[in-house]
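Please keep the 3D view open as you read.

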Amino acid sequence: MNPSLSTLLSDVKEGHRLSEAEARRLFKTQNRDVWDIAAAADEQREHVVGNAVTYVRNQNINVTNLCINSCVFCGFSKKPGDEGIYFHDRDTIQKKAALAKSRRVSEICTVSGLHPEFTAQSYIDIYRWITEAAPGVHLHASNPMEVAYGARKSGMSTRDVLVAMKDAGLCSLCGTAAEILVDPVRKTICPQKITTDEWVRIITEAHQLGIPSTATIMYGHCESDADRVCHLAILRELQDETHGFTEFVPLSFIHMNTPIYKSGKARAGATGREDLLMVAVARLFLDNFKNIQVSWVKEGIKMAQLGLLAGANDLGGTMFEESISKGAGATNTDYLDPAEMERVAEDCGRILRRRTTLYDLC
Ligand code: SF4
């Protein structure tokens, strides 16, 4: 017989590791029990990581929006002949990196479209240029898809690409391109992307090479509760093995300008209940993750604040430049002033603290 919700939540508090069936049950919650789950996750957050709300001062540099893939949830990528294509050269990239440094960012983040001309060397060059123009700034870049693409184009192993990227200045890997780590869902939403096994293998290689990464999920399109749990279980198992994930970042699907939504095959993003439960269940299920981030870019600052009351401890980055969510139809994604983050944190009775990419407090 299933334990009552309050027994289950109190067992988790005492150290019980949620099973996948139990996590599915939590995701299905539709009534006021949602608040109990959020409260248990908030308590867990306080126990694991304390009361600070953290953020990182960062800037995104998207080098190109031209991409050979056609992920149907993507409103960012362009094909040859489309309007609005860009492909920044060395000079522009270095100017952007120098501007970021002058803004006192501690992190530059770069992920781009899979440009048809890119090889492994293209990524390596870009990382060297950024490191040259912004020495001392943490370079958080690439993702397993870009590593696999560079490797394929250059006839190298993904491990060797990662080693070369690290030599060129890569400090940590973006845990994006994970989307939903369930292959039938991937076949629908990103058929040309690497498989779940490849994503797991490349992340494992990165962690083994001393390159930490984030972990993400992109939810609210055509996946089921069971798919979400399967995804979380893969991340938890991987973290048990490598301890290389710095944080978990749920990314709520921005639907407006995406092919999958326009064709009627995806819902119009997650609801508020789903956003809240995504954070709360993640906090309770991922017992080996210290940091759970809420993305103000994807959810807006009001929903992000509720996430801080449901298990999250981090507000992500200030940004300064963001084009991926904007391409998909999100607004106000360019910059969030730490003063606004502070207002939101203090409104929950918490304090805002600036952090590095690897969660050292500044
Ligand atoms: S999600 Fe990334 S790989 Fe997929 S189409 Fe968009 S830019 Fe390309």
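## About the model

This is a predicted model, in which local features need pLDDT of at least 70, side-chain atom pairs count only at pLDDT 80 or more, and totals for chains, interfaces and linings use all residues. Residues are numbered from 1 along each chain as its sequence is written.

## Overall form

The chain has 15 helices and nine strands (DSSP runs numbered from the N terminus: helices are H or I with at least four residues, strands E with at least two). Its C-alpha trace spans about 60 × 40 × 40 Å along the principal axes.

For 362 residues, a compact globule would have a radius of gyration near 21 Å, and the chain agrees with its 20 Å (taken over C-alpha atoms; the globule rule is 2.2 Å times the number of residues to the power 0.38).

## Helices H9 and H10

H9 (residues 196-208) packs against H10 (residues 225-242) at about 25 degrees, the axes being 11 Å apart. Axes here are lines fitted to C-alpha atoms, for helices over the stretch in contact, with angles from 0 to 180 degrees between N-to-C directions. The angle makes H9 roughly parallel to H10 (a term for angles under 35 degrees).

Val200, Ile203, Thr204, His207 and Gln208 of H9 meet Ile234, Leu238 and Thr242 of H10, where contact means C-beta atoms, placed from the backbone, within 7 Å.

## Around the ligand

The residues around the ligand are Cys67, Asn69, Ser70, Cys71, Cys74, Phe76, Ser77, Gly113, Leu114, Met145 and Cys190 (C-beta atom, placed from the backbone, within 6 Å).

Key. Parallel < 35°, antiparallel > 145°, perpendicular 65-115°, else oblique. Contact = placed C-beta atoms within 7 Å.
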